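Open the model in your viewer and keep the selection tool at hand. The stops below say what to select and what is there.

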Amino acid sequence: MIDMAGVAGAFDILTHNAGAWLVVLPGLLIGLIFGAVPGLSISIGMAIFLPLTLYMDFLQAILFLTAVFTGGGFGCAIPAILMNIPGTSAAVATTFDGYPMARRGEHNMALGVALAASTIGTGLSYLVLFLFVSPIASVVLRLGPSEMFVVAIWGMSLIAVLRERYFARGLLAGVLGLLIGTIGVSALGSFRGTMGSIYLFDGVPAIPALIGLFAASELFNLIRADYLVADEEKRRLNLRGILAGVRLALRHPVEILRGGVIGSLIGAIPGVGSSVANLVSYADAKRRAGAGGNFGKGDPRGVIASESANSSSEGGSMATLLALGIPGGGGTAIMLAAFATHNVTGGPRFLADNTDVVYAIIFGNLVQVILLLIVGLGFIFVASAIVKVPLRLLVPTVMMMALLGSYAYTGSIAGPVTVAVFSALGWVMRRYEYPVAATVIGILLGGMIEGEMLRTYQLASGQFAEYVMGRPVTLILLLLLVASLALPAVRTYRQRNALLKEKA
Amino acid sequence: MSRLRLRAPSWGHLAFIGSAAAFLVWYFLDAYGASSRLENLMLIGPATLVGLGLCIFLAAAEVLTLEGAPEREALPSIDPRVPAFMALLAAYVAALVFDVGFDVASLVFLVASLWVLGERRPVLLLVFPAVFTVLIVLGMQELLSVPVPTLLFDDM
């Protein structure tokens with residue numbers, strides 16, 4: 001399972017390549033900033049700084065990009081906790097309990113919990129990668145389009161399941177997102193829902209839509225208050241509070257471990273990644289806590305589950321990238337571009353021939369984790385100064401940055417227009433308690449779900465049922481999907497009946 | 001067996017459900033018009049049906065409730081600054097569409113938004129937006145090399 005000669009080679013590379021370490025700190029800071037500023041994202045940061053990697057050797061380039069990735073993994077939790085705006089889709093579930101904690105004045109503790117869960121989660125995922133890089137690759141290779149289809153639908157429906165109070169609203173939000181995600185030119189060349197606009201040929205720009213639904217729509221809601229945290233005493237940052245959060249997270253090693261394993265496994269599935277991993281992990285933690293949990297109202301275990309999973313999905317997606325050469329998402333897609341600029345092709349052959357380099361990347365990332373703990377702690381003080389700014393200043397400036405960020409992402413006016421349209425939609429959805437996260441996940445996965453469905457249909461030669469019956473893994477996943485959808489509905493029905501009987 | 005009774009609906013929520021249903025129908029017809037092949041409608045068809053079913057269910061749940069079920073809480077009233085800020089955002093984006101430039105459009109948007117949101121101190125109302133706009137727009141152009149269209153900065 002572990003190639004000892006490769007381990008020795010990795011140590012040799014890392015101890016004789018000082019340049020590889022020079023890029024780690026700037027990488028972490030870039031990741032933290034791009035993750036923490038609403039409107040920007042880890043992928044944007046990695047894309048903007050990708051040209052710099054041309055001047056680096058391969059290991060240096062990958063360590064730099066993974067440092068951006070690692071920093072961003074925690075950076076996106078900061079606005080999620082302080083402003084209810086996930087820096088990226090990976091921190092959606094972090095908002096569920098992180099923001100209520102901040103509104104209670106426990107933002108120091110929530111940030112500490114997130115930092116500890118993030119760093120340990122990332123570390124765990126690279127340990128998992130170190131131990132299981134070869135077995136993970138063989139498992140992922142066996143997943144066909146039918147399994148990928150069910151996994152993606154499952155990931156999307158989970159968000160509806162999380163909002164048990166309004167299950168049907170969650171499903172409708174997901175369906176709307178799914179369909180919006182299929183707008184544009186189809187695989188067969190048909191123009192669907194484009195209204196003749198060239199800006200929609202490639203589909204609705206997903207990142208600006210995400211910014212609009214999450215960030216901008218929340219800004220409308222913030223107008224009603226003067227400060228993010230009403231009590232001036234509670235806006236103060238203190239190291240003691242953050243460290244108390246770190247200690248609190250350390251008292252939940254099982255939850256971190258579980259989130260780390262879920263994140264690593266889901267991160268290894270191409271196209272799903274951290275945006276689903278945090279939701280699956282959160283749903284799992286919530287289900288396990290049962291009636292004893294305070295999930296959705298500021299339970300630190302919710303932050304632990306989300307942050308350990310979204311950070312650990314990085315290691316999982318690196319497994320797929322290194323072992324198969326398939327990017328798991330935006331971040332690893334950019335890393336794939338860095339591979340190409342250095343004439344490296346990921347895959348089983350790369351793993352076999354360059355085990356020392358692969359292990360060097362893994363060990364380098366384990367060191368990054370320790371650095372993140374220190375750098376992240378300092379960065380919290382910079383980023384969270386935001387809670388001290390009056391909202392009447394914060395709201396328009398963040399909105400302007402979100403619009404500029406969306407322009408930078410799309411390179412056209414389509415970005416700002418999308419932000420504006422989806423911010424209004426998001427505000428209406430929030431007002432009537434539709435989970436905007438379900439729509440976002442639908443938009444992100446819509447194209448992929450349709451593609452996998454189409455490939456399944458082609459492989460099955462039109463005989464869907466026969467094909468699926470012959471694939472036990474698909475059947476098991478389907479059963480899990482149905483169970484996860486049916487159980488909350490049954491539970492709600494029973495609770496309602498019990499309530500009515502009590503009243504009678 | 002519990003009986004159903006009518007209740008006063010939230011017209012805003014009903015309007016949202018109606019808009020969602022209208023989008024579902026329009027998108028299906030548009031996709032069908034583009035190509036009626038099974039491959040094209042494989043996902044869109046079933047998703048539209050599920051979506052419309054959910055719309056009917058949600059609309060029914062909005063006007064009907066079980067006898068004896070607790071009354072729902074009234075929605076909070078809308079702060080008048082919210083629609084005003086939304087209108088400013090729409091105007092900001094429209095200005096960008098008509099090539100006013102990020103510099104001028106952002107400055108006007110910031111000043112107007114700060115005023116609408118209650119800021120009256122001259123320094124924060126005028127100097128802050130100017131400094132912030134210059135820093136952000138130039139930062140995007142010079143540090144990140146994003147070619148942000150501008151009206152005034154091109155001449156600098």
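Begin with two helices of chain B: α4(B) and α5(B) are roughly antiparallel to each other, a label given to angles over 145 degrees. This is a predicted model, in which local features need pLDDT of at least 70 and side-chain atom pairs count only at pLDDT 80 or more, while totals for chains, interfaces and linings use all residues. Residues are numbered from 1 along each chain as its sequence is written, with chains lettered from A and ligands numbered from 1 in the order in which they are written.

**Stop 1: the helix pair in chain B**

Select residues 81-97 of chain B for α4 and residues 102-116 of chain B for α5. Helices here are DSSP runs of H or I with at least four residues, strands are runs of E with at least two, and both are numbered from the N terminus. The two axes come within 9 Å and cross at roughly 170°. Each axis is a line fitted to C-alpha atoms over the stretch in contact, and angles run from 0 to 180 degrees between N-to-C directions.

Now show the residues that touch; contact means that C-beta atoms, placed from the backbone, lie within 7 Å. On α4(B), they include B:F85, B:L88 and B:Y92. On α5(B), B:F102, B:A105 and B:F109 are among them. The contact residues divide into eleven nonpolar, one polar and one charged. Nonpolar covers Ala, Val, Leu, Ile, Met, Phe, Trp, Tyr, Cys and Pro; charged covers Asp, Glu, Lys and Arg; the others, Gly among them, are polar.

**Stop 2: along α5(B)**

Keep α5(B) selected. Its 15 residues should span 21 Å at 1.5 Å a residue, and its end C-alpha atoms are 20 Å apart, which agrees. The expected span is 1.5 Å times one less than the number of residues.

Which residues of α5(B) are buried? Among them are B:D103, B:S106, B:L107 and B:L110. Buried means 20 or more other C-beta atoms within 10 Å of the residue's own, exposed means 12 or fewer, and partly exposed lies in between. The cover over the buried residues of α5(B) includes α4 and α6 (122-143) of chain B, together with α19 of chain A. Just after α5(B), select B:G118, which takes a positive phi of about 110°.

**Stop 3: where the chains meet**

Show both chains. The contact takes 47 residues from chain A and 51 residues from chain B. On the side of chain A, α19(A) gives the largest share, eleven residues. By class, this side of chain A has 34 nonpolar, six polar and seven charged residues.

Next select A:L172. Leaving out residues up to four places away in sequence, A:L172 touches A:Y434, B:A20, B:G51, B:L54, B:C55 and B:L58.

**Stop 4: chain A**

Chain A has 23 helices and two strands. Of its 504 residues, 59% are buried.

**Stop 5: two loop residues**

Most residues other than glycine have a negative phi. Select A:M195, in the loop between β2 and α11 (206-222) of chain A; its phi is positive, near 55°. A:M195 counts as exposed because it has 10 C-beta neighbours inside 10 Å.

Finish at A:N343, in the loop between α16 (330-341) and α17 (348-353) of chain A. A:N343 has a positive phi of about 55°. Buried or exposed, where does A:N343 fall? A:N343 is exposed, with 7 other C-beta atoms within 10 Å.

Note on methods: Angles under 35 degrees count as roughly parallel, over 145 as roughly antiparallel, 65 to 115 as roughly perpendicular and the rest as oblique. Two residues are in contact if their C-beta atoms, placed from the backbone, lie within 7 Å.
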